[in-house]
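Work through the following exercises with the model in view. Each task is followed by a solution in steps.

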Amino acid sequence: MKKFFGMLAIVAIASMCASCNEEKKVAEAPAPAPVKKEVYQPQHNAQAVDLKTAKKYHYFNAPTASPAASVVVNYNEKTPYAAPIQVKFSYANGDTFTYTIPASFGLWKNQAGKFRVISDNKCTVWIQGQEKNGKFHEFVFYGDPKHNGTKIKPNSYRNLPAGEIKYRK
């Protein structure tokens, strides 16, 4: 029995020494989940022009802090008062901003027979016309915020067919 306890003690000491010699493994932290790049979702905003509160000469500041990349004016090119007029600004990041003038507003024609709608390379739009009840309006929509608050001098006869807009200081 002495031999048995002696052997048991030796095995116990050997196993303790063996377990102490093992390197302690550090639990690896789980790898962080890959960061998903959020894809920018373009914003499409709109505003209706209220003819009841609109001034005779109404200037609309640029709708965003960045300049518009392009502008499109949609209107019925044959008949005034046929459909609403839309002024749609597009931006480099895919955003759009649309002003809608109700169909109760009709565009005037100049002496050359063209509607009084001018847009320039700075995305400024000038529109002139009247409501069905005869109330005159001139609207200016700026696409570039650096022109906010400036007055313009439109000329629908120069640089035909586009027209010309001069900015005053």
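Strands are DSSP runs of E with at least two residues, helices are runs of H or I with at least four, and both are numbered from the N terminus; two strands pair if DSSP finds at least two bridges between them. The model is predicted: local features need pLDDT of at least 70 and side-chain atom pairs pLDDT 80 or more, while totals for chains, interfaces and linings use all residues. Residues are numbered from 1 along each chain as its sequence is written, and side-chain values use heavy atoms, without hydrogens and water.

**Exercise 1.** Describe how strand 1 is placed in its sheet.

Step 1. The secondary structure comprises 1 helix and 11 strands.
Step 2. An open sheet of 4 strands has the order 1-5-4-3, and its pairing is mixed.
Step 3. Strand 1 (44-48) and strand 3 are the edges; each has a single partner strand, so one side of each lacks a neighbour in the sheet.
Step 4. Strand 1 and strand 5 run parallel and are joined by 5 bridges. In this pairing, Ala48 is opposite Thr100 of strand 5.

**Exercise 2.** Identify the residues that touch the most other members of the largest nonpolar core.

Step 1. Such a core is a set of buried (under 20% relative accessible area, 1.4 Å probe, protein chains only) Ala, Val, Leu, Ile, Met, Phe, Trp, Tyr and Cys residues joined through side-chain atoms within 4.5 Å.
Step 2. The largest has 23 residues, and those touching the most other members are Val87, Phe89, Ile101, Ile127, Phe139 and Phe141.
Step 3. Elements giving it two or more residues include strand 3 (70-74), strand 4 (85-90) and strand 5 (96-101).
Step 4. A separate second core of 6 residues includes Ile118, Trp126, Tyr142 and Ile152.

Notes. Buried means under 20% relative accessible area, exposed over 50%, partly exposed in between (1.4 Å probe, protein chains only).
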